[in-house]
Protein chains: 2
Amino acid sequence: MSIASQYYPNEPTEPVVKTETIPGPASRAGIESLNKVFDARPVYFIADYEKSDGNYIADVDGNVLLDAYCQIASVPLGYNNPALLEAAKSPEMIRAIIERPAIGNFPGKDLEGIIKKVLKAAPKGQDHVWSGLSGADANELAFKAAFMWYQQKKRGSFNAAFTQEENESTMKNQAPGSPDLAVLSFQRAFHGRLFASASVTASKPVHKLDLPSFKWPKAEFPSYKYPLEDHVEENKAEDERTLKIVEDLIKTWHIPIAALIIEPIQSEGGDNHASSEFFQGLRDITSKYGVVFIVDEVQTGLGATGKLWAHEHFNITPPPDLVTFSKKFQSAGYFFNDETFIPNVAYRQFNTWCGDPARMIIAGAIAEEVLKHDLVSKTKEVGDYLYSELEKVAKEYPKYIQNLRGKNRATFIAWDLEDSATRNTLLSKLKLNGANVGGCAEVSVRLRPSLTFEKKHADLLIKILTKTLSEL
Amino acid sequence: MSIASQYYPNEPTEPVVKTETIPGPASRAGIESLNKVFDARPVYFIADYEKSDGNYIADVDGNVLLDAYCQIASVPLGYNNPALLEAAKSPEMIRAIIERPAIGNFPGKDLEGIIKKVLKAAPKGQDHVWSGLSGADANELAFKAAFMWYQQKKRGSFNAAFTQEENESTMKNQAPGSPDLAVLSFQRAFHGRLFASASVTASKPVHKLDLPSFKWPKAEFPSYKYPLEDHVEENKAEDERTLKIVEDLIKTWHIPIAALIIEPIQSEGGDNHASSEFFQGLRDITSKYGVVFIVDEVQTGLGATGKLWAHEHFNITPPPDLVTFSKKFQSAGYFFNDETFIPNVAYRQFNTWCGDPARMIIAGAIAEEVLKHDLVSKTKEVGDYLYSELEKVAKEYPKYIQNLRGKNRATFIAWDLEDSATRNTLLSKLKLNGANVGGCAEVSVRLRPSLTFEKKHADLLIKILTKTLSEL
């Protein structure tokens, strides 16, 4: 029996669209009312999560859509998953909800078990975690670990004490206590929207306009020619060109570069892919210059690319220093192995809550389900099928499916349209034909179904897409 | 019947201390084991939250301590509160736990009701909220709102579009799209430990060493002479002196100051108080120069000072622009009233989760309990009593209780010792005598009980404190 049928015996067999527009009238009224207390302008529709089931999201107008967007790639196992329901009702969870301890000072006796469950799904070889609250938070916590590591190394010992000058100058936001250090990232990257995370983000102006930012540099992410197999030499040259830019920036930027952060697949920025050779090149350069190598798996992590962690496709040796996670894990933080990334003094990496045990319990339950049912392999199989079907549709509608990407990356698939307006029209019409699908960058469509998306859902999505394209 | 007795019919009547040290042997073993996967160095003891009850926290060694620290000031209603238990088991909560929607795009139909419950406890006149995940996150989200407001105002219209130059330059972290703007804060302030929040923090070097920071200035927080009634003129002069520094910094700092952030009582920095006149002075200066006035109520909010929001003691007119919250609210965000603080374009203040509905449900339940049982007045009464008892103890032990602070601030009480070592010894010995109490700054002790702390708990705390002081 398929996993979706096991989890969701009553899952709809097809979408239901009852209104002429989405949002329908009930959603529109709800948005207007919500907008009086909360910024509801970006709301697509008001959902009814009680009625949502498996791969289908319901709204307050009675529409039920096949969901291939899944809360911006953050639903791991479909809606109303019975295993998560069990975890949500457990005494452990109820305790985590009514008490929210300062787990750095007064952890509950169940914390170690909760963390160990999360670690079961950690990238290979990484057996420590530091927990945070969101993808942006996870990345900034990783930056903190990286900066402290970099400065301790510069001091010549991971146990070196701080000087009086450092202690005094940091209180004034001045060097040497508050040193000028940079994180190198890539054009079109997305790593969050707080101040340091926005400083490494370069996906869209709206993500960062008017915020003061650190003067940190952006390297170029490779831009390949597709299909890859027809452009091997050119793409190899592109790897070399872009790696050289990285090395040059590390050597010449006016602020020392302490860390490099990259997504295994640039997601918000348009599902941009790069080769194993490129990622190994980054590892070699960062090792050579003592730069901390951070891989941001916030969107790519937990199986949707056909590996538990997308960077595992590249066999990077030695592995990245810090790997950040959030979204599908429903919690956040970074994994690591090397204990020199634990700051020399207690309380340097610290805050009141240090994460959220309630969300970590759900993360552990998710990890257990993903591993127990081998959902990564299942997703790979479905994704390969979906990709091959999309290739056929692309031949029929080459104008609307350009640069199809995500071969051998399971359901982590995207393509381009000719312009933003057409892309947005496609996404709107897809909803009216029963599929909730998202965009990324300016002209791309991205598929981000949960790990319970199966062949039957893929067939339905192809059917809805084909119908919609025929109407464009 | 007292509220503690209603909530906690089986609450212990006194502490139990079974081990010769705290952490005891079971805690020490737990810490060692936890430390293999998580940085457990700052752990005081491993708690047993199942056995914790009301104002008492239990540990895995069977110790049960009267808790006047309450998870760094973040327990609103005691441990295992029955009203929160009910909220934790509600269908609404279970849904919020198993689905974590992107509430900016696909809010559930219950979101508006959840937010409205939270808003019931908002500062007077503030009827909008933007939700975040922690105190640091709340402050940084408020900074984003402030910077966007400041720049829109500079553009001459809250609806002005961005220029091509702005759109292009921000992608390179350069002005004008990424302008140099500052937030003014105060020496000894604590506002969090992410990068922008750490840049306005100046409590201890360990909170920010080795992190690159924005070159933002620090004004002086008033340092009063105590007792206040004996130093009226000197303290008035101190207000004038420090307000002048604020105004001078706004006029002369090399980066334009877009916002000012202040705690109503500087908490991590040592429970430093300032007068109503000082706060009104800040409001006048920020209004005069078009600087956004942000009050950080992360630690002071929700009743412990004898007002629902501590800044309400000052009757600031007009009220502060943005008020941030977290800790006792068990969720986080900022309240505001003026709709010009909603950015001109959708998606500017946005992220995948935009907060956490599960934590917002608990916040709503907390708000309801606090208001229904008038816990703010009750806490004021208990705090006044506790303060007067502490005054007596201070007369007996003037060396160990110096600069007693928090008169008319309910249970939000602190005092100084002569040095850090003595303070730390006192805190350790208090635990062994049955009371969990915390420190702040270098030499201060702070009391942060929950809102269910009553006269009987105050009497017990005084008894334990007196015994401990007699042993020093």
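How many residues of domain 1 of chain A are in contact with domain 2 of chain A? This is a predicted model, in which local features need pLDDT of at least 70, side-chain atom pairs count only at pLDDT 80 or more, and totals for chains, interfaces and linings use all residues. Residues are numbered from 1 along each chain as its sequence is written, chains are lettered from A and ligands numbered from 1 in the order in which they are written, and side-chain values use heavy atoms, with hydrogens and water left out.

Begin by selecting 3–83 + 373–471 of chain A as domain 1, and then 101–355 as domain 2, bounds that come from an automatic or database domain assignment. Between the two, 27 residues of domain 1 of chain A are in contact with 24 residues of domain 2 of chain A, where contact means heavy atoms within 4.5 Å.

Together the two domains of chain A bury about 2,000 Å², 56% of it on carbon and sulfur atoms; buried area is the accessible area (1.4 Å probe) that two parts lose on being put together, summed over both. Next select Val376(A), Arg409(A) and Phe412(A), which lose the most area on the domain 1 side, together 31% of what that side buries.

Finally, show Asp271(A) and Arg448(A), which form a salt bridge whose closest N and O atoms are 2.3 Å apart; the term stands for a side-chain nitrogen of Lys or Arg within 4 Å of a carboxyl oxygen of Asp or Glu. Across the interface of the two domains of chain A, the rule finds two salt bridges.
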